[in-house]
Amino acid sequence: MMAIRELKVCLLGDTGVGKSSIVCRFVQDHFDHNISPTIGASFMTKTVPCGNELHKFLIWDTAGQERFHSLAPMYYRGSAAAVIVYDITKQDSFHTLKKWVKELKEHGPENIVMAIAGNKCDLSDIREVPLKDAKEYAESIGAIVVETSAKNAINIEELFQGITPCVFWSSPLHSGPQKAGSADGSARRRKRSTLSLKCNLRFLHELGDFLRFMSPDPTLGPPRKWKQWSNQTWEAKHANQPAVLLIEAHGPLYLKKPEPPP
Ligand SMILES: Nc1nc2c(ncn2[C@@H]2O[C@H](COP(=O)(O)OP(=O)(O)OP(=O)(O)O)[C@@H](O)[C@H]2O)c(=O)[nH]1
């Protein structure tokens, strides 16, 4: 039986930017031109195989209309990741996105992972937001950014896959050699549940930035050196810390927490 990990993610953004359409494309591979505005919020799940595990996304799609704004904290508070969406053809929606980022930073979970989606990239001939602006902004807040089209199914899978390397999974993987009840096993299991991450090779180059989120020590910067051990395994060492990352393609990624000073 494959082990399942769960990830709670919420979608935020102005009304009409395409949040529900993105979720609908991801979960049902469907696009509806006449989709209705969300009332309150809606919930969907999708489970995707990844290596020898299953990743279950628990997705809260919030309503973008101003009258529902006060409900949003109920959804982002329990989330490990937030996908904040703007419409590349509407500059206003990019301003709204920045307000969401500010709100998340002030009131959201401390380590929430943020991903920015510039939706409706099928309409790039009438774009108002240059990709460069979005990239610069994303970099300034340490978020992933990708342009998507729910309509033409562009970068939707990639958007969700992009979140997974930098999230601490809310449900640890309970498989493998450790036996429940054994002192050694439970200690190791605890370690895994707080420190193990998934790695998707496509985003490997961005991992340096993600380390700032993941690291138990905020002074840790991106790793100084990457060393490739095999086609599938990399090691990253920090300049001044004993933190070591081991990354396996489509396999688990572990961040060894530096030992506390004696
Ligand atoms: N051209 C194009 N239209 C899209 C795309 N995604 C969504 N739309 C359209 O944009 C409109 C709004 O989409 P929704 O998914 O309801 O937007 P939303 O952000 O969930 O809106 P609220 O529920 O009010 O917050 C609909 O008419 C969609 O068909 C896209 O990628 N390309």
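Keep in mind that the model is predicted, not experimental.

**The ligand and its shell**

Let's start with the ligand. It is surrounded by 23 residues, and the closest are Thr15, Lys19, Ser21, Thr38 and Gly64. Sorted by class, the shell holds seven nonpolar, ten polar and six charged residues. As for secondary structure, helix α1, which spans residues 19-28, gives the largest share of that shell, with three residues.

| Residue | Protein atom | Ligand atom | Distance |
|---|---|---|---|
| Thr15 | polar side-chain atom | oxygen | 2.6 Å |
| Asn119 | polar side-chain atom | nitrogen | 3.1 Å |
| Ala150 | polar backbone atom | oxygen | 2.9 Å |

How much of the ligand does the protein bury? On its own, the ligand exposes 650 Å², and 88% of that is buried by the protein.

**The cavity**

Next, the empty space. Rolling a probe the size of a water molecule over the atoms shows where such space is left. Searching the whole structure turns up one cavity of 30 Å³ or more, and the largest cavity holds about 30 Å³ of space.

Which residues line the largest cavity? The lining is made up of Gly40, Thr62, Ala63, Phe68, His69, Leu71, Ala72 and Tyr75. By class, that comes to five nonpolar and three polar residues, with no charged ones. The ligand shell, by contrast, does include charged residues, six of them.

**Two positive phi values**

Finally, a couple of backbone angles to look at. Asp29 has a positive phi, near 50°, and is not a glycine. This residue sits in the loop between α1 and β2 (41-50). Is Asp29 buried or exposed? Asp29 is exposed, because its relative accessible area is 56% and the cut-off for that label is over 50%.

Lys120 is the other case: its phi is positive too, about 70°, though Lys120 isn't a glycine either. You'll find Lys120 in the loop between β5 (113-119) and α4 (131-141). Its relative accessibility is 23%, so Lys120 counts as partly exposed.

Key: Residues are numbered from 1 along each chain as its sequence is written. This is a predicted model: local features need pLDDT of at least 70, side-chain atom pairs count only at pLDDT 80 or more; totals for chains, interfaces and linings use all residues. Side-chain values use heavy atoms; hydrogens and water are left out. A residue is near a molecule or strand if one of its heavy atoms lies within 4 Å of it. A polar contact is a pair of N or O atoms within 3.5 Å; within protein, one must be able to donate a hydrogen and the other to accept it, and residues adjacent in sequence count only if both atoms are side-chain atoms. Accessible areas come from the Shrake-Rupley method with a 1.4 Å probe; for residues, only the protein chains shown count as cover. Helices (H or I, at least four residues) and strands (E, at least two) are DSSP runs, numbered from the N terminus. Ala, Val, Leu, Ile, Met, Phe, Trp, Tyr, Cys and Pro count as nonpolar, Asp, Glu, Lys and Arg as charged, and the others, Gly among them, as polar. On a 1 Å grid over the protein atoms alone, a cavity is a set of points where a 1.4 Å probe fits but cannot get out, and a pocket is an open set with protein on both sides within 12 Å along at least five of seven lines; lining residues have an atom within 4 Å of a point. Grid points are joined across faces, edges and corners, and a volume is the space filled by probe spheres set on the points. Buried means under 20% relative accessible area, exposed over 50%, partly exposed in between (1.4 Å probe, protein chains only).
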